[in-house]
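Reader: I have a two-panel view open and would like to learn how to read it. Could you walk me through it?

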Amino acid sequence: MRLQEFTKGILKKNPVLGLVLGLCPTLAITTRVENALGMSLAFTFVIVLSNLLISLLKRFIPRDVRIPTFIVIIASFVTIVEMLIHGYSPSLYEQLGIFLPLITVNCIVLGRAEAFASKRPVSETLLDTLGMSVGFSLAILVISFLRELFGTGKVVVFGYQVIPGILSSPPVGMILPPGAFLVMGILLAVMKKAGVV
Amino acid sequence: MVGKEEVRPVAVLVITCLVWGALLGLTHSATEKRIEEAERAELYRTLSQIFPSAQFKEENGYYTCWENGVLVGYAVEVEERGYGGKMRVLVGALPDGTVAGVRILSHGETPGLGARVTEETFLEQFRGKELGGVVLKKDGGEIEGVTGATISSRAVVRAVRSGLENLLRWME
């Protein structure tokens, strides 16, 4: 029964394709599969921990000032994590450093805090945010895969060529901003038509 | 009279800000030194990419590069405004005043677009160029910018130019 709190984030309430949240980072970073992997990792880390924190503190947060309080908690938490990674693991920082500040403005994190973590017990919050992380990761991986494949004609992840060149002159627009909207729109339409969301 | 109902939200928000502000300050002072060291180590690693078997000496922000007691080059770090904010570029020069190599130390460019200025295919074009040759193809030069990232490419070109100018002035 409660497992549904986990699974709903994957398809039915997929944060990107179902709830249509977090579009700014989604559109910006899905130019390569490699970026999507980095973003997925950083996102999972931040949304799970910051929402657990909010769920733990929910009794002390008055309704009237809940949004500013959430923002202070999320933004400070992300900044602290960024400083710690920068100081103690420079190589990890090199990979994830540019994604962490983008997460502060990712409204999925705030959205789940408002809609879920501030009302539900910690255990359900854990399931909810894990599900959202899987859903977000899947969505940006699919979008970035399609954009990289059609925009550059191949897919290269950490130096390994996953899919060799299939197009001799790929339409570069796919890795430019218009390609993001195009792929996103088509995926949304497909999901709607298939009745998934 | 102000009731308890009005005071509580304000008090909680103030306390939240104070606590997190303090945590941020603590983390900052705890990690400041380590971050600086990490950046220093990174800088020297990057220098070794431009001058592989050289040793480096620092002088007022300029670096001289020595191989077996012979001066083989100079390097300097330049800051430039890119598309996504501050960009730190390391510019190396040979004693004859041409570019020995260019590396991006940090940047805030868009991943997949502007961030591609850090790729070797773009940066290797600067090697061997004189000051007058550091111009984008779009602006009448020979350096091919990154597709869809003219602003980022121009920022690197500007950084290399000002770095090289500084080095030439300093060499004299």
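Author: Happy to; we will take the fold of one chain, then the contact between chains, then a few single residues. This is a predicted model, in which local features need pLDDT of at least 70, side-chain atom pairs count only at pLDDT 80 or more, and totals for chains, interfaces and linings use all residues. Residues are numbered from 1 along each chain as its sequence is written, while chains are lettered from A and ligands numbered from 1 in the order in which they are written.

Reader: Let's start with chain B. How many helices and strands are there in chain B?

Author: Helices (H or I, at least four residues) and strands (E, at least two) are DSSP runs, numbered from the N terminus. Chain B has three helices and five strands, and along the sequence they follow the pattern α-β-β-β-β-β-α-α.

Reader: Is chain B spread out or compact?

Author: The radius of gyration is taken over C-alpha atoms, and the globule rule is 2.2 Å times the number of residues to the power 0.38. Chain B has a radius of gyration of 22 Å, well over the 16 Å that the rule gives for 172 residues, so it is more spread out than a compact globule. Along the principal axes, its C-alpha atoms fill a box of roughly 80 × 40 × 25 Å. Buried residues make up 31% of the 172 residues in chain B; a residue is buried if 20 or more other C-beta atoms lie within 10 Å of its own, exposed if 12 or fewer, and partly exposed in between, with C-beta atoms placed from the backbone.

Reader: What is the strand order of the sheet in chain B?

Author: Strands of a sheet pair through backbone hydrogen bonds, either parallel or antiparallel. Two strands count as paired if DSSP finds at least two bridges between them. In chain B, five strands make an open sheet in the order E1-E2-E3-E4-E5, with antiparallel pairing. Strand E1 (55-59) and strand E5 (99-106) of chain B are the edge strands, each pairing on one side only. Neighbouring strands of this sheet are turned by 25° against each other on average, direction ignored. For one pair to look at, strand E2 (residues 62-67) and strand E3 (residues 70-82) of chain B are antiparallel over six bridges, and B:Cys65 stands opposite B:Gly73 in E3(B).

Reader: Which helix packs on the sheet, touching E1, E2, E3, E4 and E5 of chain B?

Author: Axes here are lines fitted to C-alpha atoms, for helices over the stretch in contact, and angles run from 0 to 180 degrees between N-to-C directions. Two residues are in contact if their C-beta atoms, placed from the backbone, lie within 7 Å. Helix H1 (residues 4-50) of chain B touches E1, E2, E3, strand E4 (85-93) and E5 of chain B, and its direction makes about 150° with that of E5(B). Helix H3 (residues 150-171) of chain B lies across E2, E3, E4 and E5 of chain B, at about 140° to E3(B).

Reader: Now the two chains together. How many residues of chain A are in contact with chain B?

Author: 27 residues of chain A are in contact with 23 residues of chain B. On the chain A side, helix H2 (23-29) and helix H4 (66-88) are the elements that give two or more residues, and H4(A) gives the most, with twelve residues. That side divides into 18 nonpolar, seven polar and two charged residues. Here Ala, Val, Leu, Ile, Met, Phe, Trp, Tyr, Cys and Pro count as nonpolar, Asp, Glu, Lys and Arg as charged, and the others, Gly among them, as polar.

Reader: What covers the buried residues of H4(A)?

Author: The cover includes helix H3 (33-57), helix H5 (90-96), H6 and helix H7 (107-117) of chain A together with H1 of chain B. Among the buried residues of H4(A) are A:Phe70, A:Ile74 and A:Phe77.

Reader: Where does A:Thr104 lie?

Author: A:Thr104 lies in helix H6 (residues 100-104) of chain A. A:Thr104 is partly exposed, with 18 other C-beta atoms within 10 Å. Leaving aside neighbours within four places in sequence, A:Thr104 is in contact with A:Ile74, A:Ala75 and A:Val78.
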